Amino acid sequence: MRKLENSELERKSVEAFKESDKTPIIIVLDDVRSLHNIGSVFRTSDAFLIEKIYLCGITATPPNKEIHKTALGATDTVTWEHNSNVLEVIQSLKDDNVITLAIEQVESATFLQNFKVDKQQKYAVVFGNEVHGVTQEAVALCDGCIEIPQLGTKHSLNISVSAGIVIWDLFKQFKE
């Protein structure tokens, strides 16, 4: 077994990325404080050809040196938009027939391993603040909630880790 060189990975150019068919997933980040978390979500979104990221509330926007440290250029490939009001974004997505899902621990949440995508549908997943999570108002407006099961002593995951887990799971279902 031999480790591949970067030149062998056949990565897309920025132009090829922009022209590629995207995975029908939209990411909504609401009041995410950490610039490194934001950059990590961009980088993961690039890896899985995510359609768009909405940066809401206090979530910082590119260009930003600290976001760039973890995004490594993904802010140039993944389409993004800022809107100060997450509820407006969620409602607009719903009006466009996008299924909106908060990633949060709530009553009657669907565990991630039990959630099945409809391949004819587009989804938006909402991630909230590192301390307070997705607001109750946003949860109430969403079409549903997905919970990542956690069996240890901690009751939360870092937002960039949560985003990676959810994006990978949904992406995998779209590609099956």
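## Close-up views of a parallel sheet and its cores

**View 1. Strand 4 meets strand 7.** Strand 4 and strand 7 (residues 144-147) run parallel and are joined by three bridges. Leu101 has Gly144 as its bridge partner in strand 7. Helices (H or I, at least four residues) and strands (E, at least two) are DSSP runs, numbered from the N terminus. Two strands count as paired if DSSP finds at least two bridges between them. The model is predicted: local features need pLDDT of at least 70, side-chain atom pairs count only at pLDDT 80 or more, and totals for chains, interfaces and linings use all residues. Residues are numbered from 1 along each chain as its sequence is written, and side-chain values use heavy atoms, with hydrogens and water left out.

**View 2. Strand 4 beside strand 6.** Strand 4 covers residues 99-103, strand 6 covers residues 123-127, and four bridges pair them in the parallel sense. Buried means under 20% relative accessible area, exposed over 50%, and partly exposed in between (1.4 Å probe, protein chains only).

View 3. Which strand order does the open sheet have? Its seven strands follow the order 3-2-1-6-4-7-5, with parallel pairing. Strand 3 (80-83) and strand 5 (110-111) are the edge strands, each pairing on one side only. Strands of a sheet pair through backbone hydrogen bonds, either parallel or antiparallel. Strand 1 and strand 6 are joined in the parallel sense by five bridges. Ile26 stands opposite Ala124 of strand 6.

**View 4. Strand 6 under cover.** Five of the five residues of strand 6 are buried. Tyr123, Val125 and Phe127 point one way from the strand. Ala124 and Val126 point the other way.

**View 5. Two helices across the sheet.** Helix 4 (residues 86-95) lies across strand 1 (23-30), strand 2 (50-56), strand 3, strand 4 and strand 6. Helix 4 runs at about 160° to strand 1. Helix 6 (residues 159-175) lies across strand 1, strand 2, strand 4 and strand 6. Its angle to strand 1 is about 165°. Axes are lines fitted to C-alpha atoms, for helices over the stretch in contact, and angles run from 0 to 180 degrees between N-to-C directions.

**View 6. The nonpolar cores.** The largest nonpolar core holds 34 residues. Ile27, Leu29, Phe42, Ile53, Val125, Phe127 and Val166 have the most contacts inside it. Two or more residues each come from strand 1, helix 2 (35-47), strand 2, helix 3 (65-71), strand 4, strand 6 and helix 6. Helix 6 gives the largest share, seven residues. A second, separate core has 18 residues, including Ala102, Val126, Val139 and Cys142. A nonpolar core is a set of buried Ala, Val, Leu, Ile, Met, Phe, Trp, Tyr and Cys residues joined through side-chain atoms within 4.5 Å. In soluble globular proteins, nonpolar side chains tend to be buried together.

**View 7. Around Phe127.** What does Phe127 touch, not counting residues up to four places away in sequence? Its partners are Ile27, Val28, Leu29, Asp30, Val32, Ile103, Val134, Ile159, Ser162, Ala163 and Val166. Contact means heavy atoms within 4.5 Å.

**View 8. The loop at Gly133.** Gly133 lies in the loop between strand 6 and helix 5 (136-141). Is Gly133 buried or exposed? Gly133 counts as buried, at 17% relative accessibility. Not counting residues up to four places away in sequence, Gly133 touches Glu104 and Gly128. Gly133 and Ala163 are 30 residues apart along the chain, and 13 Å separates their C-alpha atoms.

**View 9. The chain as a whole.** The chain has six helices and seven strands. From the N terminus, its elements run α-β-α-β-α-β-α-β-β-β-α-β-α. The radius of gyration is 16 Å, close to the 16 Å that the globule rule gives for 176 residues, so the chain is as compact as a globular protein of that length. That radius is taken over C-alpha atoms, and the rule is 2.2 Å times the number of residues to the power 0.38. The C-alpha trace spans about 50 × 40 × 35 Å along its principal axes. Of the 176 residues, 44% count as buried.
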